[in-house]
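Hello,

Here is the structure we talked about. Please look it over before reading my notes below.

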Amino acid sequence: MRMNLDCNACCRKLRRILLNMKGIETHVIEKPYGRVSVCGRVRPSDVAIKVRKKMKRRVEILEIQEFGSGDEQADHQL
């Protein structure tokens, strides 16, 4: 996601919001670039909506990558 992160307080508030969301396993906040990367079993739109409501800032979804388990990929190769 991309959003405007002005100060350290904004980053702390965003971190608290992400830690309280169920399904998020890891997150990375890149303050200089205004990027937030989230990994877990969540829908990107749900994360963006919740962050937008809590932070009262515009959130842009940049890229979505889906990762499956290794077993599924092995079945497709057979």
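Below are notes on the cysteines, the core and the pocket.

This is a predicted model: local features need pLDDT of at least 70, side-chain atom pairs count only at pLDDT 80 or more, and totals for chains, interfaces and linings use all residues. Numbering starts from 1 along each chain as its sequence is written, and side-chain values use heavy atoms, without hydrogens and water.

Cysteines. The whole structure has zero disulfides (a pair of cysteine sulfur atoms within 2.5 Å). C7 is in none; its nearest cysteine sulfur, in C10, is 3.5 Å away. The sulfur of C11 is 6.8 Å from that of C10, its closest, too far for a bond. C11 is buried at 10% relative accessible area, whereas C7 is partly exposed at 32% (buried is under 20%, exposed over 50%, partly exposed in between; 1.4 Å probe, protein chains only).

Core. The largest nonpolar core has 17 residues (buried Ala, Val, Leu, Ile, Met, Phe, Trp, Tyr and Cys, joined through side-chain atoms within 4.5 Å). Helix 1 (8–20), strand 1 and helix 2 each give two or more (DSSP runs numbered from the N terminus: helices H or I, at least four residues; strands E, at least two). Helix 1 gives the largest share, five residues. M3, L5 and L14 are among those with the most contacts inside the core.

Pocket. Which residues lie nearest the centre of the largest pocket? They are V38, C39, G40, Q65 and F67. A pocket is an open set of points on a 1 Å grid over the protein atoms alone, where a 1.4 Å probe fits, with protein on both sides within 12 Å along at least five of seven lines; lining residues have an atom within 4 Å of a point. Strand 2 (35–40) gives the most to the lining, six residues.

Best wishes
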